[in-house]
Amino acid sequence: MRDLILTFAVALGGSLVVALAGALVLRLLRQRSVTVHIGVLLAVTVLAVLAGILDAAWAMFISAHDLQVLLLVVFVAAAVSLAVALWAGRRLARASMWATEARERERRIEASRRELVAWVSHDLRTPLAGMRAMAEALEDGVVNDPATVAEYHRRIRDETDRMASLVDDLFELSRINAGALRLSLASVSLGDVVSDAVASAEPVAAAYGVRLVAASRGWPTVRGSEPELSRIVANLLRNAIGHTPVDGTVRVTGGHDARGGWVAVSDRCGGIPDADLPRVFDVAFRGEAARTPRRSGGGGLGLAIVRGLVEAHRGWVAVRNVDGGCRFVVHLPAG
């Protein structure tokens with residue numbers, strides 16, 4: 001019984017020394033990765049066992065032959081444990097990074113959602129108040145001359161169209177965010193898509209004194225869904241027209257490279273501040289004058305929809321400043 005107590009005391013003493021040293025090392029390495037912490041923890045465990053065995057052998061409680069056997073067993077177990085620790089540590093590190101990124105993404109989405117609700121509420125409240133005032137004026141007979149009545153009717157119709165466009169953008173964005181977007185992929189000529197989009201945007205551009213110029217050749221064939229591709233180009237054109245001054249020009253070009261086809265829309269907006277460039281495609285982001293309705297009547301969702309639709313096609317969209325304006329480039333897989 002006395003030998004057992006002595007063996008326990010000797011093994012405990014050696015193990016405690018290693019454990020305390022390991023705790024100090026872990027404290028010094030508290031800023032390091034999960035893999036390092038798991039590796040150190042397992043190394044401390046193995047060394048604590050080894051220290052107990054060596055102390056017991058030094059106290060003559062273990063024979064030389066038994067010591068060799070135990071050291072071999074500890075060495076094999078240590079090698080396997082450290083290998084497993086390295087593998088598990090890397091997996092845990094990746095999972096931890098993914099969880100951190102997921103939480104950060106959730107925070108950004110929630111902040112974006114609150115911002116969107118605030119801005120959409122503003123964009124709906126303002127025209128609704130105006131429409132209500134004009135409708136009450138017409139109903140009460142405050143306005144009765146034909147010209148003013150016709151003007152009120154026109155303004156009510158314009159505001160109704162604007163709100164309908166905003167609701168349509170919200171619906172499209174909700175489909176994208178909910179993963180409910182279903183694409184019918186086929187080989188599509190970007191030239192045909194751009195031609196139709198430019199023809200539809202011409203009256204709006206003419207009304208604001210903006211020229212639309214599209215390249216006549218060099219258009220690639222991409223793999224995509226034609227309705228969604230048309231929406232992408234239309235949104236880019238609407239954004240460019242809305243930010244280009246009178247007598248400015250919006251240019252649409254396209255081409256292809258080793259990775260697929262691309263279409264670019266360049267405007268004369270004067271450029272975007274460098275700090276705002278990463279946020280251009282965020283939901284409801286409209287720069288410093290975010291609460292000031294643009295002449296294009298957008299709700300700040302057009303570019304967010306563009307990014308969502310492009311990514312649904314496994315492509316990417318980017319923006320950069322050019323001389324006197326901005327250039328939006330959409331890259332899509334080859335058809």
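Biologist: Which residue in β7 does V265 stand opposite?
Modeller: This is a predicted model; in it, V265 stands opposite F328 of β7.

Biologist: And in which sense do β5 and β7 pair, parallel or antiparallel?
Modeller: They pair in the antiparallel sense, with six bridges between β5 (residues 260-266) and β7 (residues 325-332).

Biologist: What is the strand order of the sheet as a whole?
Modeller: The sheet is open and has five strands, in the order β2-β4-β5-β7-β6, with mixed pairing. Its edge strands, β2 (211-214) and β6 (316-322), each pair on one side only. From one strand to the next, the twist averages 20°.

Biologist: Turning to the helices, which strands does α5 lie across?
Modeller: Helix α5 (residues 190-207) lies across β2, β4 (249-257), β5 and β7, and runs at about 170° to β2. Helix α6 (residues 226-243) also packs on the sheet, where it touches β2, β4, β5 and β7. The direction of α6 makes about 175° with that of β7.

Biologist: At what angle do the axes of α5 and α6 cross?
Modeller: They cross at roughly 35°, and the two axes come within 9 Å. The crossing is right-handed.

Biologist: Which residues make that contact?
Modeller: From α5, they include V193, V194, A197 and V198. From α6, L229, V233, L237 and I241 are among them, as are E226 and S230.

Biologist: How many of the contact residues are nonpolar, polar or charged?
Modeller: Twelve are nonpolar, one is polar and one is charged.

How values were computed. Residues are numbered from 1 along each chain as its sequence is written. This is a predicted model: local features need pLDDT of at least 70, side-chain atom pairs count only at pLDDT 80 or more; totals for chains, interfaces and linings use all residues. Side-chain values use heavy atoms; hydrogens and water are left out. Two strands pair if DSSP finds at least two bridges between them. Helices (H or I, at least four residues) and strands (E, at least two) are DSSP runs, numbered from the N terminus. Axes are lines fitted to C-alpha atoms, for helices over the stretch in contact, and angles run from 0 to 180 degrees between N-to-C directions. Contact means heavy atoms within 4.5 Å. A crossing is left-handed if the near helix is turned anticlockwise from the far one by less than a right angle, and right-handed if clockwise. Ala, Val, Leu, Ile, Met, Phe, Trp, Tyr, Cys and Pro count as nonpolar, Asp, Glu, Lys and Arg as charged, and the others, Gly among them, as polar.
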